[in-house]
Amino acid sequence: REVVDTDSLVVENEKRSIPEIFATEGEAYFRACETKAVSDCTKKSTLIIATGGGAVLREENRYFIKQNSFVVWLKRDFNRLAMEDRPLSKSIDDIKKIEQVRTPVYASLADAEIEVDDDPQVTLSKILEAVKGEIQ
């Protein structure tokens, strides 16, 4: 299946990086671009769609994401998350605050919760098992 990353679509459409968008236009503008990307992707079928972690903050995005999808919440210890080039998560304290807001939303949308392993193949196997269980 084709994999589409909504953050990459925003960068492609805007012809600049996410940190640049945040710096020049602000978060609200970025979120509007993100919503367009999410909406466009979810109109297609059979895609694997990777969204940025904040995409679910907008209710309309939650609707788009959930309408015809199997949603996988990839969980990772926040101490192991990348912080470079991430406008909203520049420190562990920032990540902790974000986690408090987003966790209930992620939990409400997720059809499966997968702990990310350092080995991507292990993570992939967990995802495939979850999807397999859904389609049986």
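**Helix packing around H3**

Trainee: Which residues in H2 meet which in H3?
Mentor: On the H2 side they are Ile18, Ile21, Phe22 and Glu25, and they meet Glu27, Tyr29 and Phe30 in H3. Contact means heavy atoms within 4.5 Å. Helices are DSSP runs of H or I with at least four residues, strands are E runs of at least two, and both are numbered from the N terminus.

Trainee: What does that contact look like by class?
Mentor: The contact of H2 with H3 has 5 nonpolar, no polar and 2 charged residues. Ala, Val, Leu, Ile, Met, Phe, Trp, Tyr, Cys and Pro count as nonpolar, Asp, Glu, Lys and Arg as charged, and the others, Gly among them, as polar.

Trainee: Where do these coordinates come from?
Mentor: This is a predicted model, where local features need pLDDT of at least 70, side-chain atom pairs count only at pLDDT 80 or more, and totals for chains, interfaces and linings use all residues. Residues are numbered from 1 along each chain as its sequence is written, and side-chain values use heavy atoms, with hydrogens and water left out.

Trainee: At what angle do H2 and H3 pack?
Mentor: About 130°, with the axes of H2 (residues 18–25) and H3 7 Å apart. Axes are lines fitted to C-alpha atoms, for helices over the stretch in contact, and angles run from 0 to 180 degrees between N-to-C directions.

Trainee: And H1 against H3, how do the axes cross?
Mentor: The axes of H1 (residues 6–14) and H3 (residues 27–42) come within 9 Å and cross at roughly 115°. H1 and H3 are therefore roughly perpendicular to each other; that label covers 65 to 115 degrees, while under 35 is roughly parallel, over 145 roughly antiparallel and the rest oblique.

Trainee: Which residues make the contact?
Mentor: Thr6, Asp7, Leu9, Val10 and Glu14 in H1 meet a set in H3 that includes Tyr29, Phe30, Cys33 and Ala37. By class, the contact of H1 with H3 has 8 nonpolar, 1 polar and 3 charged residues.

Trainee: Changing topic: is threonine 42 buried or exposed?
Mentor: Buried, at a relative accessible area of 12%. Buried means under 20%, exposed over 50%, partly exposed in between, using a 1.4 Å probe and protein chains only. Threonine 42 is in helix H3.

Trainee: What does threonine 42 touch?
Mentor: Ile49, Phe64, Ile65 and Gln67, leaving aside residues up to four places away in sequence. The threonine 42 side chain also reaches the backbone oxygen of serine 39 at 3.2 Å.

Trainee: How many helices and strands are in the chain?
Mentor: The protein chain has 6 helices and 4 strands, and 29% of its 136 residues count as buried.

Definitions and conventions
A polar contact is a pair of N or O atoms within 3.5 Å; within protein, one must be able to donate a hydrogen and the other to accept it, and residues adjacent in sequence count only if both atoms are side-chain atoms.
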